[in-house]
Amino acid sequence: MQSMVILGATGSIGTSTLNVIAQNSAQYSVYALVANTNVDKMVELCELHRPKVAHMVHAPAALALAQRIAHLDIEVTSGADELVSLVSSSQVDTVMAAIVGAAGMQPTLAAVKAGKRVLLANKEALVMSGRLFIDAVAEYGATLLPVDSEHNAIFQCLSIEAQQTLGKCDLAASGISKILLTGSGGPFLTAELSSLANVTPAQAIKHPNWSMGPKISVDSATMMNKGLEYIEARWLFNATDAQIQVVIHPQSVIHSMVQYCDGSVLAQLGNPDMRTPIAHCMAYPTRIRPGVEPLDFFKVGQLSFFEPDFQRFPCLALAMEASRRGQEATTVVNAANEIAVAAFLAGQIGFTDIVRVNEHCLNIVPQSPLDSIADILALDEQTRCYANEFITQVS
Ligand code: NAD
Ligand code: MG
């Protein structure tokens with residue numbers, strides 16, 4: 001029996017994870033659910049999954065939750081220190097890291113430092129803390145498994161040896177010449193370029209293939225998501241920039257590929273349903289059933305591939321440039337983008353202003369290296385202020 005904590009339980013990945021657990025309840029149990037403010041959804045999840053602990057980051061939400069579930073035998077907690085002790089508890093085997101954005105970094109790192117099995121959906125944690133995160137995985141003996149569908153696909157196409165040295169593997173020594181990171185191109189792949197300035201949040205979050213939370217959906221429309229994934233892939237697979245190539249594949253059937261030096265290309269395919277990579281990480285190295293429809297090749301019919309158009313997707317180019325510049329630049333781009341996406345969703349700025357905010361913030365990338373989590377958090381905070389100032393000027 002694996003005892004799990006779900007960080008970001010009320011979100012899209014959290015809900016899918018709980019669905020997979022419910023279908024495999026002989027092997028997995030829910031120790032704790034963690035969310036930010038959504039009390040209604042948390043009440044529903046508590047009634048259904050009966051965790052030992054329900055943690056709301058927002059203190060007033062925790063108070064409200066405690067009143068609503070007083071009839072259940074569930075401890076309700078709040079506070080940053082309580083969250084760290086929750087994920088580090090000896091009663092926990094596995095932590096699903098599915099908080100959205102930079103807010104996920106510290107609880108995810110706490111799980112790593114407690115040597116847990118960490119299922120990583122929160123890509124922003126790696127984008128910000130890259131080297132420190134990977135070093136902590138090795139130092140504290142944590143098991144890291146990638147949930148992001150592309151990284152999960154790449155992981156599945158690696159040798160066992162490379163899988164077991166995630167973050168430190170030697171791609172060339174494994175005979176790998178390239179990682180082919182696929183992306184659908186999102187809802188605006190073929191839209192008139194001139195129409196992009198006027199797209200609405202509702203249009204931007206309507207992804208053609210995947211059902212996801214609002215922030216990652218906007219990131220998919222700008223392809224910043226692929227940029228963050230490019231950085232995520234660099235850290236997870238110890239890859240150089242030259243070892244990763246972004247490939248547009250609008251059908252989202254191939255979830256990424258690995259090209260070997262002998263000409264072989266291995267790929268992982270499936271319906272676009274996050275329950276597949278979630279189940280893979282939960283059960284690795286075995287397999288469980290997550291309730292996903294088998295892929296029907298006759299329905300799929302055709303698979304197509306294109307080179308990314310950086311004029312259409314300047315956020316992708318920007319993230320790749322930040323990746324080349326280093327961890328200071330990726331931390332800045334990540335923070336700027338979170339502020340820009342929130343402002344776009346709130347109707348404060350236009351879709352094409354997102355890249356302007358991100359570009360503007362690259363001006364404050366420091367020359368000195370980030371040596372600690374405190375440095376990273378300070379730069380994240382500074383960038384948010386800088387981005388907000390710029391947004392006030394342009395909106
Ligand atoms: P979502 O918006 O649906 O859910 C976000 C969750 O994070 C919610 O439970 C929310 O309560 C919690 N949260 C938000 N702010 C918080 C804070 N300050 N402190 C604690 N909890 C907070 O997001 P999602 O689509 O499920 O994505 C979650 C993460 O997984 C993101 O990092 C995303 O990039 C990654 N991811 C998602 C998908 C997907 O299909 N949805 C795929 C790959 C990777
Ligand atoms: Mg992905």
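Helices (H or I, at least four residues) and strands (E, at least two) are DSSP runs here, numbered from the N terminus. This is a predicted model, in which local features need pLDDT of at least 70 and side-chain atom pairs count only at pLDDT 80 or more, while totals for chains, interfaces and linings use all residues. Residues are numbered from 1 along each chain as its sequence is written, and chains are lettered from A and ligands numbered from 1 in the order in which they are written.

**Stop 1: the ligand.** Select ligand 1 and its surroundings, counting a residue as near if its C-beta atom, placed from the backbone, lies within 6 Å of the molecule. The shell holds 27 residues, and the closest are G8, G11, A103, M212 and G213. Colour the helices α1 (12-23), α6 (123-140) and α10 (214-222), each of which supplies at least two residues of this shell. If you then colour by class, with Ala, Val, Leu, Ile, Met, Phe, Trp, Tyr, Cys and Pro as nonpolar, Asp, Glu, Lys and Arg as charged, and the others, Gly among them, as polar, the shell around ligand 1 shows 14 nonpolar, nine polar and four charged residues.

**Stop 2: the domains.** Next, colour the chain as domain 1 (2-146), domain 2 (170-269 + 296-321) and domain 3 (326-395), with bounds that come from an automatic or database domain assignment. Domain 1 and domain 2 each give at least three residues to the shell around ligand 1.

Now turn to domain 2 and domain 3, whose C-alpha centres lie 22 Å apart.

**Stop 3: an annotated stretch.** Select residues 144-237, where an unreviewed UniProt entry places the feature "domain: 1-deoxy-D-xylulose 5-phosphate reductoisomerase C-terminal"; UniProt positions are given in the numbering used here, feature names are shortened, and annotations may be inferred rather than shown by experiment. Over this stretch the chain is 41% helix and 12% strand, and the end C-alpha atoms are 12 Å apart.

**Stop 4: parallel strands.** Strands count as paired if DSSP finds at least two bridges between them. Show β5 (residues 94-97) with β6 (residues 117-120), which run parallel and are joined by four bridges, and find M96 opposite L119 in β6. Four bridges also join β6 to β7 (residues 143-146), again in parallel, with L119 opposite L145 in β7.

**Stop 5: a hairpin.** Move to β10 (residues 254-260) and β11 (residues 265-269), which pair in the antiparallel sense over four bridges, M257 having A267 as its bridge partner in β11. Four residues lie between the strands of this hairpin, in which G263 takes a positive phi near 100°.

**Stop 6: two backbone details.** Select R50 in the loop between α2 (39-49) and β3 (53-56), where its phi is near 45°, a positive value in a residue other than glycine. Finish at P285, in the loop between α12 (275-283) and α13 (297-300), where the peptide bond from Y284 to P285 is cis, with omega near 5°.
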